[in-house]
Amino acid sequence: MTRDRRALTALHLFLVWATMTAAVPTFGFGLLMAAWGGGAGTTVPVLALGVPAAVGLLAAAGTPARTVVPLCGSVPRRLGWAVLVFLLGTLGVLAGLAAYGRGVDLGSAGARIALTGVPYAVAAAFFVPSRWVRLGALAVLAAAVAHGGLTGPAQAEQRRHEAEVARYRENPELLYLGTAPPGMAVSRARVGPASFGVEYRAVRQDTFAYAALTVRRPVTPALRCPRFAEKGVTCAVDARGGMRTVRGLPEGGRAVTLVRRHREAEVEVTSQTLGEPGLRRLLATLHPLSDAELEELMREKRIDHGF
């Protein structure tokens with residue numbers, strides 16, 4: 001391919017890209033306005049006018065390539081070429097919209113507008129009788145497929161994961177976890193707007209053991225027992241400001257609840273199987289929820305949002 005033919009080919013592909021970069025967003029906006037204003041039925045006139053107009057613009061853009069692209073050598077053949085380029089390019093645009101809908105990053109608004117003309121230029125490149133031009137078009141197509149089908153979705157999933165982690169980390173002053181007591185494991189964790197709750201249950205299915213930990217924002221300057229205690233409930237506040245509540249259960253036994261201040265939060269642990277020593281050991285292991293622990297809870301779907 002001579003230098004003049006290379007320049008003419010580059011001009012030809014640029015004209016196809018520029019024409020469709022201007023036409024496709026305008027056409028899409030017209031469809032959107034028609035559907036929004038009068039429903040799907042009103043898009044038919046827009047399609048009836050827009051599609052022939054786009055094909056006509058493509059045919060006009062192919063006129064300078066009469067000596068480069070055989071299908072552009074005459075008006076009838078150029079119209080057939082324009083229809084083929086329009087159909088193939090529109091398939092590429094639809095594939096890009098599908099990828100964008102799945103969260104694949106296609107850049108800024110300006111970049112996305114510029115990309116609308118690329119599928120048409122790639123389609124036009126395949127009609128240029130040059131091995132190198134077609135190989136270049138094939139490389140662009142392969143890169144688009146790889147980004148839209150492999151790299152892009154993986155990046156989108158990573159962004160979604162990071163956004164979910166950030167959402168869980170909105171109130172880090174509440175995200176404290178205690179080491180699971182012997183024979184127990186974290187069963188469920190729930191992040192609320194002003195609290196973080198964790199449930200511990202027995203590892204073995206044939207054994208009942210339960211404990212709950214709640215970290216919340218303090219609602220009073222200091223812990224204090226209710227003025228009027230319920231029947232069967234005893235409450236006391238120790239010298240360090242911690243509160244201990246024991247509630248008798250109708251079926252026998254008792255549920256123990258310990259509450260204490262921890263930095264900027266108020267921590268409560270309760271259980272009817274651990275007893276007070278076990279609850280104090282659970283409080284003693286309180287530590288900030290680590291990234292590894294959060295990742296494990298998310299991976300095993302044992303954490304959610306409670307509102």
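Me: How far apart are N and O where the side chains of Asp206 and Arg204 meet?
Reply: In this predicted model, the side chains of Asp206 and Arg204 form a salt bridge with an N to O distance of 2.8 Å.

Me: And are Asp206 and Arg204 buried or exposed?
Reply: Asp206 and Arg204 are both classed as exposed.

Me: What about Arg201, which residue does it form a salt bridge with?
Reply: Arg201 is paired with Glu199, and the closest N and O atoms of that salt bridge are 3.6 Å apart. Arg201 has a relative accessibility of 36% and counts as partly exposed, while Glu199 is partly exposed as well, with a relative accessible area of 27%.

Me: Switching to pockets, how much space lies in the largest pocket?
Reply: The largest pocket holds about 1,200 Å³ of space, and its lining consists of 42 residues, with Gly92, Val93, Gly96, Leu97 and Pro119 lying nearest the centre.

Me: Which elements give two or more residues to that lining?
Reply: Those elements are the helices α1 (3–38), α3 (75–101), α4 (109–115), α5 (118–125) and α6 (131–168). The largest share comes from α3, which supplies 12 residues to the lining of the largest pocket.

Me: How do the residues of the lining divide into nonpolar, polar and charged?
Reply: In the largest pocket the lining divides into 32 nonpolar, 8 polar and 2 charged residues.

Me: OK, and how much space lies in the second largest pocket?
Reply: The second largest pocket contains about 300 Å³ of space, and 17 residues line it, of which Asp238, Arg240, Gly242, Arg260 and Arg280 lie nearest its centre.

Me: Which elements give two or more residues to the lining there?
Reply: For the second largest pocket these are the strands β5 (233–237), β6 (243–248) and β7 (254–262), together with the helix α7 (275–284). The element that gives the most is β7, with 4 residues.

Me: What does the lining of that second largest pocket have by class?
Reply: By class, the lining of the second largest pocket has 9 nonpolar, 2 polar and 6 charged residues.

Me: Last topic, how many cavities of 30 Å³ or more are there?
Reply: The count by this rule is 1 cavity of 30 Å³ or more, and the volume of the largest cavity is about 40 Å³.

Me: Which residues line the largest cavity?
Reply: The lining is formed by Arg167, Tyr168, Glu170, Asn171, Leu174, Leu175, Val191, Gly192 and Ser195. Sorted by class, the lining of the largest cavity comprises 4 nonpolar, 3 polar and 2 charged residues.

Conventions. Residues are numbered from 1 along each chain as its sequence is written. This is a predicted model: local features need pLDDT of at least 70, side-chain atom pairs count only at pLDDT 80 or more; totals for chains, interfaces and linings use all residues. Side-chain values use heavy atoms; hydrogens and water are left out. On a 1 Å grid over the protein atoms alone, a cavity is a set of points where a 1.4 Å probe fits but cannot get out, and a pocket is an open set with protein on both sides within 12 Å along at least five of seven lines; lining residues have an atom within 4 Å of a point. Grid points are joined across faces, edges and corners, and a volume is the space filled by probe spheres set on the points. Ala, Val, Leu, Ile, Met, Phe, Trp, Tyr, Cys and Pro count as nonpolar, Asp, Glu, Lys and Arg as charged, and the others, Gly among them, as polar. A salt bridge is a side-chain nitrogen of Lys or Arg within 4 Å of a carboxyl oxygen of Asp or Glu. Buried means under 20% relative accessible area, exposed over 50%, partly exposed in between (1.4 Å probe, protein chains only).
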